[in-house]
Amino acid sequence: MLMYVIRRLLFCVFVVWALATVTFVLVHLMPGDPVRLALGPRAPQYLVNAERNRLGFDNSLLTQYFSYFNKLLHGNLGTALSLGASVTYILGQRVIPSVLLISYGLFIAVLIGVPLAIISAVRPNGRADHGTRLFTTFVFGMPTFWLGLMIDLFFGLKLKWFPVSGYSSGIGGLFRTLTLPALTLGLSLVVLVTRSLRFNLIQVLNSEYIEAARSRGIAEWRIVLIHAMRNAVMPTFTILSAVIGFLIGGTVILEQVFQIPGVGSLLVQAVLNRDYSLVEAITLLAGTSVVVASLIADMLQAALDPRVRLWR
Amino acid sequence: MGVTRMRLRRASISVVAVLMGSTSIVALSTQGADGASSKVRSGSPDVSLSSHSSGSTCSGKPVSGGSLVYARGTSTETLDPWAILNGNGDIFADDLIYQGLVGFNSKGLNQVIPAIAKSWTISPNGLTYTFHLRPGVKFSNGQPVTAQDVAWSLNQFGNPKINSVMAVLSVGYHHASVVNSSTVEITLTHPVTAFLNDIATFPAVVLPQKLVTSEGASFWKHPVGSGPFSLQTFESGSHVTFVRNKYYWDKPLPYLNKVTFNFALDSNSRMLDLQSGEAQIADLITPSQIPTIQSSKSLVLAQQKIPLWISIFPNEKYKPLANVDVRLAMSDAIDRKTIIKEIFHGIGTVPNSVIGQLKFDGSNSQVPPYKYDVTEAKKLMAEAGYAKGFNVTLQYPVGFDYFSQLGLLVKQELGAIGVNVTLVPVATTTLTSNWSLMKYQLTFFGTEISSDIPLPDEYAQFLSDPTSSGIDGFFTGWKDQKIWTMVQKFTSTTSNASRAQQWPKIQEALMKQQPGINVMDLPILTAHANNFCGADVNILGVDQLQNTWISSSK
């Protein structure tokens with residue numbers, strides 16, 4: 001197990017390095033001069049030149065690349081040109097709302113999706129199954145922007161159960177301000193949970209050992225919730241872990257609709273402002289999250305399912 | 001929306017100050033409104049708060065107390081007035097907590113008024129301004145504003161290494177010195193016509209010298225100023241909250257106890273905030289939201305005239321557009337009244353100037369407004385040798401539904417005279433970049449253009465200065481020596497009465513050249529709750545929240 005973890009970690013490092021390199025190249029291919037954008041179109045050219053020189057943008061791409069990696073290895077993510085502060089400081093402020101939103105959203109997705117999947121799986125092709133599949137497909141097909149606005153309109157504006165926008169810290173504040181965006185996110189992810197879990201549950205519930213368990217008189221709820229779920233749930237975790245990384249930057253629409261000061265909206269702002277340091281840092285963060293989440297998911301799977309061998 | 005506008009504002013001031021610094025002018029702005037001939041439209045007309053809902057409950061005297069939440073479309077990124085990062089997002093916040101020697105009239109009149117200075121005199125040669133400080137002015141921490149603070153702050157403003165983003169406003173600035181405990185003298189290197197206008201804008205604020213120098217960069221996390229409000233909390237990306245400055249000199253202002261700027265970058269979010277009552281005012285109202293607001297009994301649409309307009313720039317490096325008849329033809333082919341009615345729901349006016357509504361503008365009887373005449377347009381195209389038309393691309397900012405509509409309408413209208421337009425949607429930052437590099441044929445200039453000072457000097461020089469310090473006809477390639485001569489004379493004239501006579505002639509000359517095709521003049525739009533009273537903005541469109549109060553009835 002230890003050797004497996006070490007090998008996976010080394011692989012993670014390689015993936016992260018590749019990601020950082022590709023991001024660096026792509027960001028520098030974007031049209032537009034970040035210094036000129038920061039100082040405005042009619043700033044004196046000497047000022048632009050001086051700033052470019054100070055920031056090292058006059059150096060060759062290779063030199064800039066090595067400089068970037070050197071700083072990265074020392075934990076220095078650089079300075080956000082468009083915000084006038086260190087990237088680390090800005091990310092530190094903005095990553096927490098995003099993490100909380102994603103976590104809450106995933107929780108809601110699981111909270112809604114798992115029961116629906118069980119209901120569907122125990123009576124496949126029944127009314128409940130058809131209804132569940134119809135509901136999840138319908139919700140999945142709605143654009144997130146529209147879904148968020150509708151939820152906002154109904155629960156926020158009409159019922160006034162929650163504020164229509166904003167972000168507050170503290171347990172009470174987080175519950176109040178993150179519930180609607182998390183509900184939107186959760187509903188958009190429910191189909192992933194429901195469909196994958198339903199499929200696996202049906203497979204498992206039709207297997208011989210489950211029949212054997214039934215024949216021994218074990219209660220159906222125990223069979224489903226304890227014996228079948230344990231085998232069926234792992235692929236769902238794997239899928240969700242892959243989605244997490246996308247959500248780091250993928251919640252930008254929700255952040256805009258609900259005014260959550262997260263990483264997604266920061267990424268959009270950084271791209272528009274050609275803020276190389278910020279774009280590189282956020283992309284690295286998202287990619288690393290995917291890699292780490294995948295590793296954790298694989299290790300969890302091995303821990304839960306003795307049939308899984310992570311190493312040879 | 002507005003980002004491009006404010007980025008331009010920041011940079012455009014760079015050039016204007018360089019250009020204006022080369023003129024020898026004695027500023028004549030003094031206390032009180034400048035005089036203007038009765039024939040001359042003031043250009044910055046008296047404020048006309050034109051609401052489109054009769055539901056306002058503002059009557060009686062202002063009431064002190066209450067809190068206000070402002071759903072803002074641009075976030076505040078820094079409270080350092082000498083290093084703004086996000087245009088209006090920073091400027092509007094700075095305006096609440098800081099104050100300078102002078103300011104702009106808070107009711108929207110084109111007028112520089114006393115602030116920390118109660119009066120001033122100007123030497124006959126225009127090189128020395130002597131400001132007499134108002135007694136008893138304090139910072140929000142209770143410390144008195146001293147002459148030393150004033151002199152130091154102005155010298156920071158005048159130092160391009162400190163005030164780097166808006167250094168152009170301090171072109172001509174030499175030095176400020178303390179004469180006595182209530183008098184500060186500012187000397188210039190050469191007379192600057194708009195000096196008082198320049199220091200009425202936000203970077204020329206007065207700050208406590210000892211605190212700023214001792215705290216350094218951390219001062220901006222909890223700044224101290226002498227404005228009507230002081231900072232309470234600042235959550236980057238989320239909101240910034242201000243509380244009433246109990247030491248503010250202009251009693252009984254401000255009326256409000258607390259103001260919160262919620263950063264709601266999405267226009268739908270701002271509208272939801274307003275409709276739910278979580279915000280009492282929202283800015284950057286889009287045209288599509290106008291009918292909703294106008295039909296609401298609890299909301300008021302406020303529109304106030306400021307120098308704000310939408311323009312299409314033709315790049316004269318593209319041969320057909322170098323022909324003045326072609327430009328005039330294209331202008332005549334645009335049905336502005338339909339655009340205003342159909343896209344902007346009647347908000348806006350047909351302009352009579354290439355560069356928006358500014359001081360000294362001639363009236364419509366002096367300088368006829370743009371007309372819609374397809375027959376005339378076709379005739380001009382034929383005279384120009386383009387009877388069969390030509391192909392051209394038009395870049396427009398992506399992400400704004402009304403610009404998509406506007407682009408389509410312009411395409412259709414220009415198509416009627418043979419100009420085959422290919423619409424090119426472009427991100428606003430790329431649009432600005434393309435424009436400054438002249439990588440376009442036709443382009444909208446960002447979303448809207450606004451002038452940084454309420455005088456025509458800035459944009460007249462942007463467009464017409466052919467020298468190396470100019471910007472190539474505002475990156476259109478347009479040149480006209482005769483008009484440049486007129487502009488030079490105008491900007492060097494000391495008499496406002498004479499300037500009021502000269503400017504309409506220049507205005508008319510520019511209209512005959514169309515270096516930029518003004519599509520429409522716009523008011524600044526905000527929407528607010530019907531019990532939100534005192535919705536004033538100054539001549540540059542900055543909210544004057546010190547005048548705001550909340551009525552108890554709804």
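Two residues count as in contact here when their C-beta atoms, placed from the backbone, lie within 7 Å. This is a predicted model, with local features needing pLDDT of at least 70 and side-chain atom pairs counting only at pLDDT 80 or more, while totals for chains, interfaces and linings use all residues. Residues are numbered from 1 along each chain as its sequence is written, and chains are lettered from A and ligands numbered from 1 in the order in which they are written.

Start by selecting chain A. You'll find 13 helices and two strands (DSSP runs numbered from the N terminus: H or I of at least four residues for helices, E of at least two for strands). Its C-alpha atoms fill a box of roughly 85 × 60 × 35 Å along the principal axes. Of the 312 residues in chain A, 39% are buried, that is, with 20 or more other C-beta atoms within 10 Å of their own, C-beta atoms being placed from the backbone.

Next, pick α4(A), residues 61-73. Its 13 residues should span 18 Å at 1.5 Å a residue, and the end C-alpha atoms are 18 Å apart, so the two agree; the expected span is 1.5 Å times one less than the number of residues. Following α4(A), click Gly75(A): its phi is positive, near 75°.

Now show both chains. The contact takes 31 residues from chain A and 34 from chain B. On the chain B side, colour α1 (3-21), β11 (258-263), α6 (267-276) and α12 (428-436), the elements that each give two or more residues. The largest share, seven residues, comes from α1(B).

Note on methods:
Buried ≥ 20, exposed ≤ 12 C-beta atoms within 10 Å, placed from the backbone.
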